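Here is a short briefing on one protein structure.

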Amino acid sequence: MYQLSSDISDLLNGTNKVFVCFTPDNLDFTKMGKVGVMSIYVSGEKLDILLSSENILDIAAVLEASIFSKGFMVFTWGIKSFFSYVRFFSQKDLIPESMLIDLKVIERFMDVEKGAPTSLTEAINRAKFVGQFSEWKGLYNKVLLPLITKVVPGMETNPLLHTEFRTPVHAHYEIEGQRGGRLACSNVFERGFNPHTMGDEVKKKLKPVGYDKPFMYLDFKQMEVWMLSYLSKDRQLQELLDSGKDFYKVVYRMITAKDENAEVSDSARKHCKLIFIQIIYGMTAASLAKQFNIAFSMAHSIHENLRNSFPTAFDWLDSQIDTIQKDIGKDYFGRPRNFKDKPYRMRNFSVQAPSSIFCLERLVALHKDLREIDAQICFNVHDGYGLVCTKNSYLETYEVAKKSLESESKLLPGLKVPVECQMGFNLIQMKTMK
């Protein structure tokens with residue numbers, strides 16, 4: 001690696017700013033041999049470095065001592081994949097001391113649709129443009145950068161065993177991959193799986209790597225309802241959530257004018273959940289009648305009963321559409337999106353987008369809090385967190401994970417959301433922990 005050190009030193013020639021990108025964008029650590037090219041740009045020059053399973057540890061060491069060292073400013077495009085690749089072969093995180101500006105993640109947050117820069121000059125100019133906006137900066141350091149360098153690489157490189165293929169498989173995530181800020185998940189690895197789309201047929205074929213290890217799955221209860229209550233400050237909604245009662249059974253009785261002690265079946269509760277979520281996001285009585293094949297009069301009654309039960313929340317949702325200016329609407333954190341053709345979608349976005357940040361903030365905290373425990377995050381599904389632990393550590397894992405996830409948000413002060421937890425040796429045979 002002496003030659004590489006020399007080449008990088010010659011390329012830098014005293015400069016402390018570089019632009020780094022990769023071909024292809026996603027480096028597949030599940031394949032051995034050559035995987036792609038890392039390109040380092042300075043003004044007017046470029047160095048291409050061939051990456052492979054054989055040389056990645058040496059390359060990481062050279063980069064750690066050069067462009068990832070303190071004093072450097074590294075502009076990059078989708079560098080998370082590189083950190084996952086290094087972690088897979090080194091079994092430890094490569095944490096840069098340099099300032100890291102991932103334009104792909106930042107521009108997606110700001111709804112800028114462009115491909116990778118083709119030079120350092122272009123990267124700097126695009127960084128200056130997004131740098132005019134303050135909305136992303138606090139979130140970048142507290143949530144997005146830890147996801148890029150540690151949290152997502154940790155999840156991606158923690159495998160599950162596919163019992164049919166008899167091989168370890170890995171999930172792949174794209175930060176800021178969905179419109180509302182959620183992680184996008186796709187099956188891009190040669191040996192991969194997609195947690196966001198796995199049904200029972202896939203779930204029953206996945207197990208933890210290692211002997212006698214159970215899964216633990218924690219997810220937030222009514223995440224978006226808690227967020228709506230927090231943002232709208234609807235007292236009735238908050239009191240119902242704080243009561244500890246089954247939220248959707250209570251709401252079912254409200255919208256159907258049933259006695260408060262009337263029995264509510266699991267099927268009725270499930271339909272109530274669907275109706276509640278769709279009405280708060282703008283479904284009309286006419287659409288409700290058509291979708292659920294009920295009389296318009298009944299749909300209208302349900303619609304009115306729900307709005308009358310939580311008037312403050314509905315008034316707040318209605319007001320979000322009025323905040324759109326020049327077709328652009330922004331969520332609680334200032335994340336901008338264009339609603340020119342469908343302004344009603346602002347209702348959904350105003351709740352889902354901050355919910356995604358809350359869930360990612362808790363993911364970062366959970367990753368940190370599990371460091372001293374024999375447990376790992378093996379996948380994430382929006383407001384759900386899949387862990388693998390041991391039979392000896394499951395109680396400690398449960399206590400630490402529950403406390404971590406239920407802690408108060410620093411980004412949304414005062415917001416704490418309860419979680420449910422399940423545990424089992426198979427993802428389709430999980431039992432609730434209490």
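A pocket is an open set of points on a 1 Å grid over the protein atoms alone, with protein on both sides within 12 Å along at least five of seven lines; a cavity is a set where a 1.4 Å probe fits but cannot get out, and lining residues have an atom within 4 Å of a point. Grid points are joined across faces, edges and corners, and a volume is the space filled by probe spheres set on the points.

This is a predicted model, in which local features need pLDDT of at least 70 and side-chain atom pairs count only at pLDDT 80 or more, while totals for chains, interfaces and linings use all residues. Residues are numbered from 1 along each chain as its sequence is written, and side-chain values use heavy atoms, with hydrogens and water left out.

Helices (H or I, at least four residues) and strands (E, at least two) are DSSP runs, numbered from the N terminus. For residue classes, Ala, Val, Leu, Ile, Met, Phe, Trp, Tyr, Cys and Pro count as nonpolar; Asp, Glu, Lys and Arg count as charged; the others, Gly among them, count as polar.

**Pockets**

- The largest pocket has a volume of about 830 Å³.
- Its lining has 31 residues, and Phe220, Lys221, Gln222, Met223 and Lys273 lie nearest the centre.
- Strand E11 (215–220) and helices H8 (223–232), H10 (247–256), H11 (266–280) and H15 (345–369) each supply at least two residues of that lining.
- By class, the lining of the largest pocket holds 13 nonpolar, eight polar and ten charged residues.
- The second largest pocket has a volume of about 460 Å³.
- Its lining has 18 residues, with Lys142, Val364, Ala365, Lys368 and Lys410 nearest the centre.
- Helix H6 (135–156) and H15 each give at least two residues to the second largest pocket, and H15 gives the largest share, seven residues.
- The lining of the second largest pocket divides into five nonpolar, three polar and ten charged residues.

**Cavity**

- The whole structure holds one cavity of 30 Å³ or more.
- The largest cavity has a volume of about 90 Å³.
- Residues lining the largest cavity include Asp25, Asn26, Lys80, Asp102, Lys104 and Glu174.
- Helix H3 (80–90) and helix H4 (103–109) are the elements that give two or more residues to this lining.
- The lining of the largest cavity has two nonpolar, three polar and five charged residues.

**Sheet and strand pairing**

- Two strands pair if DSSP finds at least two bridges between them.
- Five strands form an open sheet of mixed pairing, in the order E3-E2-E1-E4-E5.
- Strands E3 (45–52) and E5 (99–102) are at the edges with a single partner strand each, so one side of each has no neighbour in the sheet.
- Strand E2 (residues 34–42) pairs with E3 in the antiparallel sense over eight bridges.
- Gly36 has Leu51 in E3 as its bridge partner.
- Elsewhere, E11 and strand E16 (residues 419–424) run antiparallel, joined by six bridges.
- Met216 has Met423 in E16 as its bridge partner.
- E16 also runs antiparallel to strand E17 (residues 431–433), with three bridges.
- Gln422 stands opposite Thr432 in E17.
- E16 and E17 form a hairpin, with six residues between them.

**Cysteines**

- The structure has zero disulfides (a disulfide is a pair of cysteine sulfur atoms within 2.5 Å).
- The closest cysteine sulfur to that of Cys389 is in Cys421, 8.7 Å away and too far for a bond.
- Buried means under 20% relative accessible area, exposed over 50%, and partly exposed in between (1.4 Å probe, protein chains only).
- Cys389 counts as buried, at 1% relative accessibility.
- Cys21 also counts as buried, at 9% relative accessibility.

**Backbone points to check by eye**

- The peptide bond from Thr23 to Pro24 is cis, with omega near -5°.
- Pro24 is in the loop between strand E1 (17–23) and E2.
- Asp212 has a positive phi, near 60°, and is not a glycine.
- Asp212 lies in the loop between strand E10 (206–208) and E11, and counts as partly exposed at 33% relative accessibility.
- Asn293, also not a glycine, has a positive phi of about 55°.
- Asn293 lies in the loop between helix H12 (285–291) and helix H13 (296–309), and is exposed, with a relative accessible area of 71%.
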